[in-house]
Amino acid sequence: TKWVYGFGGGRAEGRADMKNLLGGKGANLAEMSNLGIPVPPGFTISTEVCTYYYQNGETYPDTLRDEVMAALAKIEETLGRRFGSVEDPLLVSVRSGARASMPGMMDTILNLGLNDQSVEGLARRANDARFAYDSYRRFIQMYSDVVLEIDHHNFEEILDEAKEDKGVTQDTELDAEDWKKVIARYKDKVADLLGKPFPQDVHEQLWGAIGAVFGSWMNQRAIRYRQLNDIPESWGTAVNVQAMVFGNMGNDCSTGVCFTRNPSTGDNEFYGEFLVNAQGEDVVAGIRTPQQITILGKEAQRSTLPAMEECQPEVFKELNAIRHKLEAHYRDMQDMEFTVQQGRLWMLQTRTGKRTTKAALKIAVDMAREGLITRKEAIRRIDPVSLDQLLHPTLDPKAPRTLLTRALPASPGAAAGKVVFTAEEAEAWVNDKKEKVILVRVETSPEDIGGMHVSEGILTTRGGMTSHAAVVARGMGTPCVAGAGDIRIDTAAKIMRVAGKEIREGDVITLDGSTGEVFLGAVPTIQPEMTGDFATLMEWVDTIRTLKVRANAETPLDAATARKFGAEGIGLCRTEHMFFDPKRIIAMREMILADNEEGRRAALAKLLPFQRQDFIELFEIMRGLPVTIRLLDPPLHEFLPHTEAEIAEVAREAGVEPELVRSRNAALHEANPMLGHRGCRLGITYPEIYEMQARAIFEAAVHVSRETGRSVVPEVMIPLVGARKELDLLKAAIDKEAQAVFAEQNYAVHYTVGTMIELPRAALLAGEIAETAAFFSFGTNDLTQTTFGMSRDDSGPFIGVYRARGIYERDPFASLDQAGVGELIRIAAERGRATRPGLKLGICGEHGGDPASIAFCQKAGLDYVSCSPYRVPIARLAAAQAAL
Ligand code: ADP
Ligand code: MG
Ligand code: MG
C-alpha cells in the first residue's frame, strides 16, 4: 500500500475526489497544486494509516517511515532547504484533516523544525532575529500544548511576566533578546514539568506531532463530535505536513482568510480579511483588527484601515484570479486560507464555504443563472430543514439582549410576550386584556391547547423535542423552547426563577425557538417573507416535484399561512381542535356527559353553527383546493371538566345536577385512552356526532360554492378505522346527511369519503377497506404508536437510550420508521390500489414535513404529503429533491 501522497510545485499525487483517503484538507491542497495554484510543497499521510494505527496497537505500517522520509526529501529538493539544517532550515506545519472538517481534532502545529541551532539559521536567512525567535517561541508553545500536553497557561504566565518586566503590553514590543529570554524560561518550564528537555531533534518533533494527530482522533472531544454528527470512527484522519511560509516576516507579509462570495448575504463579492505581518490563526484569534480584502458596501461599514485592493493591488489581483479559478473549478463558494511572504502569495487551504441559509439560496440561484450549475444542482444544494430559519420571525441580530437560559430549540421562530403560568390565564390575558403572552409550564397536556393557541410562544421546563409542547407548537408554528431545566416555576406564587432573577406573571420575556434561548424583556424581531431568491428557488422546485404538498390546518390563520407558503390543499383538518374554544368547550362537555342521545343532540345543535362557520372560512380561504376534514378523533377524556367550577358550569348549561355530571365524568375514565373510546369508535357509538359534523361540512360547502361560484372539494375522513364494516356504516351515514343537505338546499357539491390508515390492521386489510374508501391518509403518528406499541408521550425516558444503544437509529416519531411502519404503508398502498386503481394516497402527521420521510413517500408512490403550514416550503423542496 502507498501511505504518503506528495503535493506542491504544480503537481500532486492526490486529487479533490480522494477525500476519503487524504481528508478534505489534503485532497484540496493536492487539487490546488494540480491546478497550478501556488501551494507550499508538502505531503499527506493517508487516513488508512490512522485506521492501521488503531487496528495494530497504535503502531505504524513498516514502510511509513521510509515514505515520509522520501516525501520530506522531495520538499527539501523543491525548496533547496534542509529539515533541521543549521544554515537554512526547512520548517513545516503539521495539520490534521479528516474527510469532514472536525472541531475537536488536534490543533495545527506551525514552525516545526526549529531548535536552538536552526533558529539561528532562520534568523540569518531572514535577516531578522526577532522574527526567528518569535517563531521559535510560538513553536515551543504550540508543540508543548498539543503534543506534550502542557497547559498553555504556563507559557502565558511567563510571557506576561516578560512584558511586565519590560513595561510593555504588546507582544510586538518584545525584541529578539527578550524572546531569547522567554524561550529559555519556556524550555526550563517544559523540563521542569516533563522531567526531560524540550525535543531538539527535529525528527523526534515531527513524529511526535504526527502521533499527536492520530492520537487526537480518539480524544473525548473528537469522539463526542463524531457521535453528534454521525461521523463513523472508521473514517480516520489524515496528517498533512507542509513547508512553512511566513506571513510574519515584515510589512510585505500577511495572512488571511477569504470567501469567493459573501457567506452571510451570498452576494457575489470577494469577501475576506487579512492581517499584515502575522502568522496562521492570528486572524481568527482576533488579536488585532484585520483589514478587508475589498472595499465593501456602505461607507459607514468601512474600517479605517485600507483594503488589500488598495494597499496591495498586485497581490490582490493574483488572489482575485485564484478566487475566480477555484470557484469555477469547484462550482461552489469556497472558503480559502492564504499567506503572503515577502510579496509572494501562497494558498494554504480551500474548501466549500459554510453559509447562512439566506446566502445558500442566493448563491444557488445566482450560480444557476450564471450557468455555473444547473437548476437541479441548485435545488440539490439547499438543505430543506435549513429553510426553517427563513420561515419564522427572527430576532433582530442588531438588538441588545439579556440571556436567561438556553434549552431545546423545540419549535423555531422568535416571540416576545408577558409570562403566564396556566393555559387559562393565557386565554384570559389574550382574549380579555388583549395582551401578548408567553405560556410557561412545567409541561403541557392536551387541555392546554386553547392556551397554547393564543400564546406567542411556549416555554416548558420539562420534556424533549417530541414532547407534547414541542409537537403541538411545531404544528401551530408557535415558537417553543422545551426542557429548560434551569428554570424553577412556583405556579402558586406565579413566579419563575432563573439565572438569579425572579420573573413574575406579566413580566416580559423573549424566546428564540430556533436556538433554544430565553431572554429577559422584549427583543425586537423581523418578519419572514418568501420573496427574492427564496421565491425563485421555490418556483424551480415546483417544476420538478411530483408529490403534492398540503398542510395540516384548522384555523383560518393556519390555512392562510399554508396558502402563503404554497400549500395545495389541506391534508388534515383536526375538527377537535375547533372545540377547545371557551365558548364551545361547554357545549362539547355537555354533549359528552349527556347520558342519552337526546341530550347529546341538544348539545350538538349548539355546536353545529360554530362548526359550519369554521368550514365556511376554511373553504373560502382554500379557494377550490381540496380540504380533508377528519371527523372527531380524540379520546373524550380530553374534553372532560376537571374542576368543580367546570363541572358546575356544565351541569348548569345542561340543566342537570352536578352529581350526575360527576358520575358520568367518572364513568368515562379510561385506563388507556390512546387505545380506548376514540376515533371512529365514537362515530359508531354516538352516530349523532358525525352526523352533525357531516351536516356542518355540507352546509358550509353548499354555502361557499353557491356564493363564490367556485367548486368546493370536501374530503371527509374517518379516523382510526380497523375494519371495513366501520367505514361502511359511517360512510352510509355521511352520504345520507349529504343527500339531506343537498335536497334541503337544492344544491349539490362533489365530495369524497375516505379513511385514515393508522392501525396495522387497517394497513393489512387495505384491500377490503379500499372498496369503500375513496382515499387513504396515513396517520403516521398513530401508526407509529400502534406499530411499535409505544406511546409517543411516554417514549421520552427510553427512546434516547434505545438510540444510543443502536436499537433504533432515529426517533421513529421524528423520522418515519421505513423498515416497519414503512412496510405497512407499502402494503396498504399496494393492496388499496389493487382494489381501487388511482386510490388517492397521502400522509399526515409530523412525518409529512420530514425530508427523509418525504423521500420515502415518493418511493412508496403517494400522491401528497401534508405537514404543518410552516413546513410547507420545506416539504416542497424535499419533494423536489426526492424526485430528482
Ligand atoms: P484549521 O483546520 O484549524 O484551519 P489549519 O491546518 O488550516 O487548521 O491551520 C491553522 C492556521 O495555520 C491557518 O491559518 C493556516 O493557514 C496556517 N498554516 C497551516 N499550515 C501553514 C504553513 N505551512 N505555512 C503557513 N501557515 C500555515
Ligand atoms: Mg484551516
Ligand atoms: Mg391519529
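This is a short tour of a predicted model, stop by stop.

**Stop 1: the domains**

Domain 1 covers 4-243 and domain 2 covers 254-355.

**Stop 2: ligand 1**

Select ligand 1 and show the residues around it. The shell has 15 residues. Which of them come nearest? They are S93, R95, T108, G280 and E337.

Now look at the make-up of the shell. Six of its residues are nonpolar, six are polar and three are charged.

Next, show the strands. At least two shell residues come from each of β6 (92-98), β8 (237-243), β12 (334-341) and β13 (344-352).

Where does ligand 1 lie relative to domain 1 and domain 2? Both domains give residues to its shell, so ligand 1 lies between them.

**Stop 3: a record for this part of the chain**

**Stop 4: where domain 3 touches domain 4**

Move on to domain 3 and domain 4. Their C-alpha centres are 28 Å apart. Domain 3 puts 14 residues into the contact, and domain 4 puts in 18 residues.

Stay on the domain 3 side and pick out two helices. α17 (449-454) and α18 (468-476) each supply at least two residues here. Helix α18 gives the most, with four residues. By type, this side of domain 3 has three nonpolar, eight polar and three charged residues.

**Stop 5: the nonpolar core**

Select A364, V481, L537, A701 and V865. These residues have the most contacts inside the largest nonpolar core, which has 268 residues. Then select helix α26 (residues 687-708). This helix gives the core its largest share, eleven residues.

Zoom in on V865. What is V865 in contact with, leaving aside neighbours within four places in sequence? Its partners are L547, V549, G842, I843, G848, I854, C857, A875 and A879.

Technical notes
Residues are numbered from 1 along each chain as its sequence is written. Chains are lettered from A and ligands numbered from 1 in the order in which they are written. This is a predicted model: local features need pLDDT of at least 70, side-chain atom pairs count only at pLDDT 80 or more; totals for chains, interfaces and linings use all residues. A residue is near a molecule or strand if its C-beta atom, placed from the backbone, lies within 6 Å of it. Ala, Val, Leu, Ile, Met, Phe, Trp, Tyr, Cys and Pro count as nonpolar, Asp, Glu, Lys and Arg as charged, and the others, Gly among them, as polar. Domain bounds come from an automatic or database domain assignment. Two residues are in contact if their C-beta atoms, placed from the backbone, lie within 7 Å. A nonpolar core is a set of buried Ala, Val, Leu, Ile, Met, Phe, Trp, Tyr and Cys residues joined through C-beta atoms within 7 Å. A residue is buried if 20 or more other C-beta atoms lie within 10 Å of its own, exposed if 12 or fewer, and partly exposed in between; C-beta atoms are placed from the backbone.
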